[in-house]
Amino acid sequence: MASSNFVDYVKIYARSGNGGPGSSHFRREKFVEFGGPDGGDGGRGGHVILRGNSQYWTLIHLKYQRHQMAENGEGGSGAKSHGRNGKDIVLDVPLGTVAKDAETGETVAEVTEDKQEVILVRGGRGGLGNWHFRTATNQAPRYSQPGEPMQEGWFILELKVLADVGLVGFPNAGKSTLLSVVSAAKPKIADYAFTTLEPNLGIVEVRDGHSFVMADIPGIIEGAHEGKGIGTRFLRHIERNSVLLFMIPADTKDIVEEYRILLNELKQYNPEMLDKRRLLAITKSDMLDEELTDALTHEIEAAPELHGIPRQFISSVTGLHIRELKDMLWETLTKD
């Protein structure tokens, strides 16, 4: 993981700019005896802004630039001259980035659309010059406003992958293999646990030129919500998926029990995940004969947890029912 370019969690320090002070200036010109106040306003301090960029897929560019400090606004001057605003700092982030206050854990910003801009810390307003404070009874005010101070803080940026379909399953359930078959993605595939150490995205083409995005999430094990295995590091990527495809191998001792375990891990991490639409794919089904397929079908149909859950027996190696699975996913995505 040390050499991976995929970074989905960074902690940064952000500081906006101070607002520039207003000017306490008086007009002084030849033959103008009572020029009066003409102090200009101070400039606004620079913001620190998060901007969505669909060309980014990782936060690695911020991993080594953790201190972001915007420019201060300049002070006003005579002739009602406005001070220059401080230069903003714009941080491009991938879609699905969530910014949280590092101390409180409160979510302060979310970026989900391309070119969407969200102010992370706002620059201080510039102070008003003495020109604003003239009155009939105070025609020569000798005071102006100072600029507002900057804002600062430590923030955690988390990336939650945006995808239409998320693949959920234990290690070696065939998630990466399926993604490599239905899309042009080339995830790492090997015969050992936790082959996938970072989410992989692929575009799946279906009939009539339609397509959707599928995300291969690293394998979940029992106790993942408590930090076991890869733990909660990648569970958050499932939060942004519209549909969850549970993948369980046909040679599993108890398909229903494995489904319960996976569902419970999602529930313990975030109960709202149970509101997502779910489908079931029994992988590696090329090793099943008709009699075994019928037996597993009856077992699944008898389970209350799987009642009403669309299912499909598939094999990514032989292509068994892969087209039917894609059609089923597309139908589920467009159901509403």
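Biologist: How much of the accessible surface of the protein belongs to carbon and sulfur atoms?

Modeller: This is a predicted model, in which local features need pLDDT of at least 70 and side-chain atom pairs count only at pLDDT 80 or more, while totals for chains, interfaces and linings use all residues. Residues are numbered from 1 along each chain as its sequence is written, and side-chain values use heavy atoms, leaving out hydrogens and water. Accessible areas come from the Shrake-Rupley method with a 1.4 Å probe, and for residues only the protein chains shown count as cover. The accessible surface comes to about 17400 Å², and the share of carbon and sulfur atoms is 47%.

Biologist: What percentage of the 336 residues is buried?

Modeller: Buried means under 20% relative accessible area, exposed means over 50%, and partly exposed lies in between (1.4 Å probe, protein chains only). Of the 336 residues in the protein, the buried ones make up 47%.

Biologist: Which strand holds Gly 166, and is Gly 166 buried or exposed?

Modeller: Helices (H or I, at least four residues) and strands (E, at least two) are DSSP runs, numbered from the N terminus. Gly 166 counts as buried because its relative accessibility is 0%. Contact means heavy atoms within 4.5 Å, and beyond four places in sequence Gly 166 touches Ala 215, Asn 241, Val 243, Leu 244 and Leu 245. The strand with Gly 166 is S9 (residues 165-168).

Biologist: Where does Asn 130 lie?

Modeller: Asn 130 has 0% relative accessibility, so Asn 130 counts as buried. Leaving aside neighbours within four places in sequence, Asn 130 is in contact with several residues, including Ser 23, Asp 38 and Tyr 143. The place of Asn 130 is the loop between strand S7 (117-121) and strand S8 (152-159).

Biologist: How far apart are the end C-alpha atoms of helix H4?

Modeller: The expected span of a helix is 1.5 Å times one less than its number of residues. Helix H4 (residues 290-301) has 12 residues, so H4 should span 16 Å; this agrees with the distance between its end C-alpha atoms, 16 Å.

Biologist: Which residues of H4 are buried, and what do they pack against?

Modeller: The buried residues of H4 are Leu 296, Thr 297 and Ile 300. Seen down the axis of H4, they fall within an arc of 105 degrees, so they line one face of the helix; the arc is that of the directions from the helix axis to the C-beta atoms. The face turned away from the buried side carries the exposed residues Glu 291 and His 298. The buried residues pack against helix H3 (255-269), strand S13 (277-283) and strand S14 (311-313).

Biologist: With which residue does Arg 260 form a salt bridge?

Modeller: A salt bridge is a side-chain nitrogen of Lys or Arg within 4 Å of a carboxyl oxygen of Asp or Glu. For Arg 260, the closest N and O atoms of the pair are 2.5 Å apart, and the partner is Glu 305. Arg 260 lies in helix H3 and Glu 305 in the loop between H4 and S14, so the pair ties together parts 45 residues apart in sequence.
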